[in-house]
Amino acid sequence: MLRRPEYRRALVFCGLIGIPVALIAFWFLVALHQLEQLLWTDWPKDLGWKQAPWWWGLALLPVAGLVVGLVVARLPGRGGHIPAGGLHSGGVTKEALPGVVIAALVGLPLGVVLGPEAPLIALGGGLALFFAGLNRAPQTEASTALLAAAGAAAAISALFGNPLVGAVLLMEVAGVGGPQLFAVMLPALLASGVGGLIFTGFVHWTGLETGTLDIGLPTPPPLDWGDVLWVLLLAPALAFFVHWTFVGGRFAAGFVANRPVRNTVLCALGAAVCVTLFAVTTGRSPADAALSGEATLSDLAKDPHAWSVGALIAVLAFKGLAYALCLGSLRGGPVFPALFLGGAAGVLLAPLPGLGLVPAMAVGMAASLTAALRLPVSSVILVVLLLGNVETVALVVLAVAVSFVVTQLLPQGPHIPAFSDRRDGRAR
């Protein structure tokens, strides 16, 4: 393939496209972060509160619902894919870019319980096609798919700060290799995880050396059989919880389909009520239950003792319900809320005998993310990258494999409905 001139030209063009796409993705993420900081931290403090008051979500989220509902009903591309259907890389067009950007820049900072990864994939793919059009490059079906995937990978790498995550995620999202990819990948993942556990066990039990790549960095306590047993119990439970959250999102999508503006506002109001109930029952900021959870997950990992058992249970219940409503009605990505819910469950369950904080968070995030994305390799890479802890890799792999199997075997719920344009009665 590398001997073909057209492929080499496409390769060079994709490399060049990565430069403007990454720069635009960077400023897109900066804008989201600054708006979120302004709306949920700076304005409440400027108005005299220590943190956002309990009713703050009731003021912001319905506005997000109204704007996103209008984008879905009036603009090409409907603001992007419905998040309850998972991540998608196909169907991106240049015409859809305004709606995607508006829905993300308005909805996500106003408290929508979704992340920026889906808008980034659409933004990167759409920009790649836009630049190809400016260059008057011939666009076949194959070249369009290649350019869209390359642009999306460049944009998503800017979010995760790692090109490997972007490449593998887009490879799985695009379905390269078809169903056979998962048929081969899952047994390989499971075997490698079990092999890693057995190898680690024999090294610790026998004390014998086989050579190591360790360069001397400090490591946490070694894994033991308690960690492995807890994986077999916790991963299915968390997969069940997140899976049914997505099923709830699919029901919400059906509710929104025929009346997108009104019903999107109602779903956003329902999410706002969940955020409000969390703040009222715990005394914490409503921001802890709103938004994607990316910043809150970092704070949770650094200071888990700041969260009481009641607050952890409340955030799992209320943020989980708000997540389901947002998955079916608003626009964004499913990654970071799933990671947060898994991390919060890990902190809650860490005191169980023989578990511990790091293994519990590793298992929780791996199982939750896999149930949300159905992308096992991407889930392993992303969780390991976030943890920065090689000692838990085998647990992460095992949790991902168990969660993937459980999620695939559960009832999948209703299909994501086609959007009905009430102006002409046609689905589009």
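**Basis.** I worked from a predicted model in which local features need pLDDT of at least 70, side-chain atom pairs count only at pLDDT 80 or more, and totals for chains, interfaces and linings use all residues. I numbered residues from 1 along each chain as its sequence is written, and side-chain values use heavy atoms, with hydrogens and water left out.

**Cysteines.** I looked for disulfides (a pair of cysteine sulfur atoms within 2.5 Å) and found zero. For C267, the nearest cysteine sulfur is that of C326, 8.4 Å away. The sulfur of C274 also has C326 as its closest cysteine partner, but at 8.7 Å, too far for a bond. I then checked burial (buried is under 20% relative accessible area, exposed over 50%, partly exposed in between, with a 1.4 Å probe and protein chains only). C267 is buried at 5% relative accessibility, and C274 is buried with a relative accessible area of 5%.

**Helix α11.** I took helices as DSSP runs (H or I, at least four residues), numbered from the N terminus. Helix α11 covers residues 309-329. Of the 21 residues in α11, 15 are buried.

**Helix α9 and F255.** Which helix gives the largest share of the nonpolar patch? I noted helix α9 (residues 260-282), with five residues. F255 lies in helix α8 (residues 225-257) and is partly exposed, at 40% relative accessibility.

Methods: Helix = DSSP H or I, 4+ residues; strand = E, 2+ residues; numbered from the N terminus. Expected span 1.5 Å × (residues − 1).
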